[in-house]
Structure formats: C-alpha cells, structure tokens
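Dear colleague,

Please find below the structure that I am handing over to you. The notes on what was found in it follow directly after.

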Amino acid sequence: MARPLERPTPPDPYSLLPAVASFDVTSTDVAEGQPMTMKQAHPMAGDGAENISPQLSWSGAPEGTKGFVVTCFDPDAPTPSGFWHWLLVDLPADCTSLPSNAGAGDDGLPGTAFHTRNDFGDFAFGGGAPPPNDGPHRYYFVVHAIDTESLGLDQTASAAFVSFNLVFHTLARAIITPTFGD
C-alpha cells in the first residue's frame with residue numbers, strides 16, 4: 001500500500017489569477033463537487049476506466065467573445081505545478097457545447113480547434129488518476145471565453161504556455177469542479 005501523501009490542500013488555482021467575469025457551464029456527465037465515475041477515469045486509475053471526456057454545455061459568454069478554450073486541471077496532484085488533463089484550444093465563438101468523448105482527439109472538432117499535449121503526454125483528454133490513498137482530487141473543467149479567434153499556438157505549446165497565454169486573452173471563465181479519488 002502506498003504511503004499517504006500528506007500536504008496542505010492547494011487553493012483554487014483560478015483565484016490566484018486576475019479576476020474575470022463568469023458564465024455558466026453544465027454537464028450531463030459530471031457535477032459540481034461530486035465524484036466522477038470510471039467513465040472519466042484514466043486507465044492508470046484501474047479496471048473499468050474509460051478515459052472519456054465529459055459532455056459540456058455553456059451559455060452566457062460575454063460580448064466580445066471570439067473563441068473558447070476548454071481545459072481540465074488538477075491542482076491537488078503531488079507536484080508544484082498541478083497536473084493538466086485536457087487542453088482544447090481555438091474553439092469557434094459559435095461553439096456552445098462538446099459531446100462526451102470530444103477529447104478523444106482532433107477528428108470531428110469544430111472549426112480549427114485542436115488539442116495540445118496534456119501532462120500524460122497525449123494530445124487528448126486524460127481522465128482522473130490520483131495516486132492511491134491521496135484522497136479525492138478536484139478537477140477544474142474550465143471553459144475560457146477569449147477575445148481572439150486563436151491563441152496563435154500550435155500543438156507543441158506546453159500546458160503552462162497555453163495557460164500563460166490564456167491570462168492575457170480571457171474575458172470570462174465557466175467552471176465546473178467534480179472530484180475523483182479515494
């Protein structure tokens with residue numbers, strides 16, 4: 001049995017960034033503060049993990065929104081930098097939802113949207129997989145309304161670089177934060 005990784009709970013990572021407006025995001029697959037199922041778990045989480053990104057729908061983005069970026073971040077990972085599970089950039093402004101498993105790859109994404117590499121090393125969604133005995137982790141699924149059609153990045157952009165660029169282009173954020181883990 002792995003040793004518990006005792007440490008303080010990190011703050012909400014978005015509370016550390018410049019304040020922006022908010023808008024609404026909902027999901028038929030995940031709920032605020034509630035555990036995700038094995039449907040949204042990475043294969044490293046064990047048998048039955050399906051690694052399927054959740055369905056997301058959003059509304060109320062502010063005037064001036066020219067595009068969206070969807071991310072999933074786990075601030076509770078035992079690293080100084082958290083863990084990026086999903087980075088889907090350059091979604092068009094008329095996109096207001098993603099079906100379940102939209103994070104499987106770039107095929108079928110709207111407009112010129114594409115994935116950058118997550119911290120698993122994949123160009124796709126990577127589900128929850130906290131270390132054993134580490135308690136529940138929070139998964140911040142965030143839809144960022146941006147003031148440009150494109151962040152001007154390509155697939156080689158690191159998660160930190162995508163996040164850095166988002167700070168300068170985010171008009172508003174819609175956040176839903178389920179949990180996963182023991």
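The largest cavity of this predicted model is lined by Tyr 14, Leu 17, Trp 84, His 144, Ser 163, Leu 166, Val 167, Thr 170 and Arg 173. About 50 Å³ of space lies inside this cavity, and the search of the whole structure finds one cavity of 30 Å³ or more. Two elements, helix 1 (159-169) and strand 10 (170-176), each supply at least two residues of the lining. Helix 1 provides the largest share, with three residues. Sorted by class, the lining of the largest cavity consists of five nonpolar, three polar and one charged residues.

How many disulfides are counted in the model? The count comes to zero. In general terms, a disulfide is a covalent bond between the sulfur atoms of two cysteines. The sulfur of Cys 72 has its closest cysteine sulfur in Cys 95, at 17 Å, and this is too far for a bond, because the two sulfur atoms of a disulfide must lie within 2.5 Å. Cys 95 counts as buried at 7%.

Turning to the strands, there is an open sheet of three strands in the order 2-3-6, with antiparallel pairing. Strand 2 (24-26) and strand 6 (97-98) are the edge strands of this sheet, each pairing on one side only. Strand 3 (residues 56-59) is joined to strand 6 by two bridges, and these two strands run antiparallel. Within this pairing, Leu 56 has Leu 98 of strand 6 as its bridge partner. In general, strands of a sheet pair through backbone hydrogen bonds, either parallel or antiparallel.

Most residues other than glycine have a negative phi, and most peptide bonds are trans. Asp 90, although not a glycine, has a positive phi of about 60°. Asp 90 belongs to strand 5 (residues 83-92). Is this residue, Asp 90, buried or exposed? Asp 90 is buried, with a relative accessible area of 6%. Asn 133, likewise not a glycine, has a positive phi of about 65°. Asn 133 is placed in the loop between strand 7 (114-115) and strand 8 (137-138). With a relative accessible area of 28%, Asn 133 is partly exposed.

With kind regards

How values were computed
Residues are numbered from 1 along each chain as its sequence is written. This is a predicted model: local features need pLDDT of at least 70, side-chain atom pairs count only at pLDDT 80 or more; totals for chains, interfaces and linings use all residues. Side-chain values use heavy atoms; hydrogens and water are left out. On a 1 Å grid over the protein atoms alone, a cavity is a set of points where a 1.4 Å probe fits but cannot get out, and a pocket is an open set with protein on both sides within 12 Å along at least five of seven lines; lining residues have an atom within 4 Å of a point. Grid points are joined across faces, edges and corners, and a volume is the space filled by probe spheres set on the points. Helices (H or I, at least four residues) and strands (E, at least two) are DSSP runs, numbered from the N terminus. Ala, Val, Leu, Ile, Met, Phe, Trp, Tyr, Cys and Pro count as nonpolar, Asp, Glu, Lys and Arg as charged, and the others, Gly among them, as polar. Buried means under 20% relative accessible area, exposed over 50%, partly exposed in between (1.4 Å probe, protein chains only). Two strands pair if DSSP finds at least two bridges between them.
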